Amino acid sequence: MKRLKLIPKPKKIEILDGIFECVLIEKVNFSAFLDNRILKELKKINVCIKQTESLDAPLLFEKDQALACEEYKILIKPKQITVTASTLNGAFYGIKTLQQILKEEEVPCLQIHDYPDLEVRGVMLDISRSKVPTLLTLKKLVDKFATLKFNHLELYIEGFSFEYKNFKKEIEINNNYLPLNDFIELQEYCFDNFIDFVPNQNGFGHMADWLALDEYKHLAECPDGFFIWGAHRPTSTLDPTNPLSVELVKKMYDDMLPYFDSKYFNMNFDEPFELGHGKSKELVEIEGEAKVFIDFFTKLSTYAKETYNKIPMLWGDVLLKHPEAISNLPKDAIFIDWGYNHRHDFDSHGKILSGTGLEFMMAPGTVSWGNILGNYLDMEGSIAHAAEACKKHHAKGLIVTDWGDIGHLQYLPASYPGFSYAAIKS
């Protein structure tokens, strides 16, 4: 019997004597987990599969409340397969593993016991730089992510890739956005696949597309742009001292957050390059960069929480330069340490974050961006080190990011190795 190739590999696999003798599973007893989502997955095993109450069915589901939320067991005997879980989530993941097993020409008798290491196993897809995927493409990706047992998905939004109802004139400039109805339909599809579809909206740095418009240029920290990486760049950061900056971002939130069911919201807040170099310079010199950053974040996160009941998430690049200030963030904020180089020190950052009292996550990358075929060294290194640090320092989870820097040069399959490796390590 050849070795089973299951991705991600279950925690424990024991091959037993014998083979499963049922060529085609036509009946299933899933009365322990009656749910349309479970039935949809079972139909992928056999579109004609029918429910039965018989305990002798070739496929039987049982409930064991001693198992954790996403934990499951599979027992394959010659005449019957039994999937055991305590929740719909566990039953779903048992089916996803079983689907892979049943593709074998000869299915061995075996025992599997599996559970995830991390609570959150996520993917973030950049849909804001030159490539806005179709709904069909996104659904196909969700199918892959569900098989890989990811349970968290974000679509990164900057510029005008979302259909803002209050900014119709702005989004029509390029007319390159994912319609709101597609977001809503994708959310339903994620729900069917036990994936939390989390809203994502940048609202501090990475605002270049907005600030390029005459209507919003007055909200820029440095309206004439800034110098970085050997070149002069267009303005990209909001002025945190201007109350109208807060009002603009709130209006963006109003267009997005009412349509998302997730309790989380990634506010990003990464790379506000001009912070302290323009209109906020005097305030930053008096109060410090960290305080100005946290105050601006708190105004908007409080609004997201009080108005839409969202738990805020943010990238950690600014505050990791000021580790003593991290604990001054709102206590419910989730801190995300990102790094896409194989030398990024997730371990020391994890040690710092574990002492702040905040929940935190690690975000490595597929590192497919900026080239055509991807960067295996940094993909493998960033993911491996992030996953190790997550487990060592008890992080809430891992989010593998897939960016579109420098024009989104890469074809989508260049990102697949990173998705798969992140699933394996999570």
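Student: Which residue is the bridge partner of Asn-29 in β4?
Tutor: Leu-60 is the bridge partner of Asn-29. Keep in mind that this is a predicted model.

Student: And how many bridges do β2 and β4 pair over?
Tutor: Two bridges, in the parallel sense. Strand β2 covers residues 27-29, and β4 covers residues 59-63.

Student: In what sense do β4 and β6 pair?
Tutor: Parallel, over five bridges. Strand β6 is residues 81-85.

Student: Which residue in β6 does Phe-61 stand opposite?
Tutor: Val-83 in β6.

Student: What order do the seven strands of the open sheet have?
Tutor: The order is β1-β7-β5-β6-β4-β2-β3. The pairing is mixed.

Student: Which are the edge strands?
Tutor: β1 (12-19) and β3 (50-51). Each of them pairs on one side only.

Student: Do β1 and β7 run parallel or antiparallel?
Tutor: Antiparallel, with five bridges joining β1 to β7, residues 108-114. Glu-14 stands opposite Gln-111 in β7.

Student: Where do side chains point in a regular strand?
Tutor: They alternate between the two faces of the sheet.

Student: Switching to the whole protein. How many helices and strands?
Tutor: The secondary structure comes to 13 helices and 17 strands.

Student: Why call the protein as compact as a globular protein of that length?
Tutor: Because its radius of gyration is 23 Å, close to the 22 Å that the globule rule gives for 426 residues. The C-alpha atoms fill a box of roughly 75 × 45 × 40 Å along the principal axes.

Student: What share of the residues is buried?
Tutor: 56% of the 426 residues. As for contacts with a separation of 6 or more, 74% join residues 24 or more positions apart.

Student: What about the surface and charge?
Tutor: The protein exposes about 18,900 Å², and carbon and sulfur atoms supply 52% of that. There are 47 positive and 61 negative side chains. The centres of the two sets lie 5 Å apart.

Student: One last residue. Where does Ser-130 lie?
Tutor: In the loop between β8 (120-126) and α3 (135-147).

Student: Is Ser-130 buried or exposed?
Tutor: Exposed, because its relative accessible area is 55% and the cut-off for exposed is over 50%.

Student: What is Ser-130 in contact with, leaving aside neighbours within four places in sequence?
Tutor: Asn-176, Gly-407 and His-408. Ile-406 is 276 residues from Ser-130 in sequence, and their C-alpha atoms are 9.1 Å apart in space.

Definitions and conventions
Residues numbered from 1 in each chain as written. Predicted model: local features only at pLDDT ≥ 70, side-chain atom pairs only at ≥ 80, totals over all residues. Heavy atoms only, no water. Pairing = 2+ DSSP bridges. Helix = DSSP H or I, 4+ residues; strand = E, 2+ residues; numbered from the N terminus. Rg over C-alpha atoms; globule rule 2.2 N^0.38 Å. Buried < 20%, exposed > 50% of the residue type's maximum accessible area, 1.4 Å probe, protein only. Contact = heavy atoms within 4.5 Å. Areas by Shrake-Rupley, 256 points an atom, 1.4 Å probe, with all protein chains shown as cover. Lys, Arg positive; Asp, Glu negative; His and termini not counted. Charge placed at Lys NZ, Arg CZ, Asp CG, Glu CD.
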